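The sequence and structure come first.

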Amino acid sequence: MAQDDPPSDSDVDKSTHWAELRTDLAEDRNIMAMERTFAGWMRTAFAAIGIGLGFKAVFGAFDPPWLAKAIATMFILAGGWLAITAQRRACHTLAKLDAHRFEAVSTPNFRALAYAVAVGAVILTAGLWILNDGSLMR
């Protein structure tokens with residue numbers, strides 16, 4: 001076919017097919033990027049919880065004694081909040097996208113993990129304040 005000749009119907013169909021395939025693959029890449037982003041936010045949530053535990057362990061003898069618990073509580077609850085926020089953003093993004101060439105992670109798995117982390121953070125915080133000797137301020 002010469003450069004000035006009009007494209008044939010088969011060339012147009014091929015071109016359309018390849019354009020649609022590239023679009024489908026781009027959407028799949030966006031889903032995978034969203035999953036990686038969710039994993040990154042969950043790592044950050046676990047890091048915040050770990051910082052809270054570490055703070056309490058290292059600086060437990062603060063004066064006043066409740067100060068180390070308060071700072072640890074802030075980090076632990078921030079980790080739980082990050083998990084819930086990450087889940088909401090991931091589910092919102094996943095609802096807008098359709099998988100074409102691979103199977104995306106189902107939305108309930110995001111929710112289960114995020115809520116388990118958040119509930120764990122609340123239980124950990126309660127244990128931090130209550131399980132010493134029964135006194136809330138020690």
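Q: Why is the pair of Phe-38 and Phe-110 called edge-to-face?
A: One aromatic pair is counted in the model. Its members, Phe-38 and Phe-110, have ring centres 4.5 Å apart and planes at 65 degrees. The centres are within 6.5 Å and the angle is over 60 degrees, therefore the pair is edge-to-face.

Q: What does the pair of Phe-38 and Phe-110 tie together?
A: Phe-38 is in helix H1 (residues 9-58) and Phe-110 is in helix H3, so the pair ties together parts that are 72 residues apart in sequence.

Q: Are Phe-38 and Phe-110 buried or exposed, and why?
A: Phe-38 has a relative accessibility of 6%, and Phe-110 has 4%. Both values are under 20%, so both residues count as buried.

Q: Which residues touch the most other members of the largest nonpolar core?
A: They are Met-34, Phe-38, Ala-83 and Phe-110, in a core of 23 residues. H1, helix H2 (66-96) and H3 each give two or more residues to this core. The largest share, nine residues, comes from H2. In soluble globular proteins, nonpolar side chains tend to be buried together.

Q: Which residues does Met-34 touch, beyond those up to four places away in sequence?
A: Met-34 touches Ala-90, Thr-93, Leu-94 and Phe-110.

Q: Why is Thr-125 called buried, and which residues does it touch?
A: Thr-125, in helix H3, has a relative accessible area of 9%. That is under 20%, so Thr-125 is buried. Leaving aside residues up to four places away in sequence, Thr-125 touches Thr-73, Ile-76 and Leu-77.

Q: Why does Asn-109 count as partly exposed?
A: Asn-109 is found in helix H3 (residues 107-130). Its relative accessibility is 46%, which lies between 20% and 50%, so partly exposed is the label. Asn-109 and Gln-87 are 9.5 Å apart, C-alpha to C-alpha, and 22 residues apart in sequence.

Q: How many helices and strands does the chain have?
A: The chain has three helices and zero strands, and from the N terminus its elements run α-α-α. Of the contacts with a separation of 6 or more, 75% join residues 24 or more positions apart. Buried residues make up 28% of the 138 residues.

Q: What is the mean pLDDT of the chain, and which elements have the lowest and highest values?
A: The chain has a mean pLDDT of 82, and 78% of its residues reach 70 or more. Among the elements, H1 has the lowest mean (83) and H2 the highest (91). Where pLDDT is low, the predicted coordinates should not be read in detail.

How values were computed
Residues are numbered from 1 along each chain as its sequence is written. This is a predicted model: local features need pLDDT of at least 70, side-chain atom pairs count only at pLDDT 80 or more; totals for chains, interfaces and linings use all residues. Side-chain values use heavy atoms; hydrogens and water are left out. Helices (H or I, at least four residues) and strands (E, at least two) are DSSP runs, numbered from the N terminus. Buried means under 20% relative accessible area, exposed over 50%, partly exposed in between (1.4 Å probe, protein chains only). Rings of Phe, Tyr and Trp (its six-membered ring) pair if their centres lie within 6.5 Å; planes under 30 degrees apart count as stacked, over 60 as edge-to-face and the rest as tilted. A nonpolar core is a set of buried Ala, Val, Leu, Ile, Met, Phe, Trp, Tyr and Cys residues joined through side-chain atoms within 4.5 Å. Contact means heavy atoms within 4.5 Å. pLDDT is the predictor's confidence in each residue, from 0 to 100.
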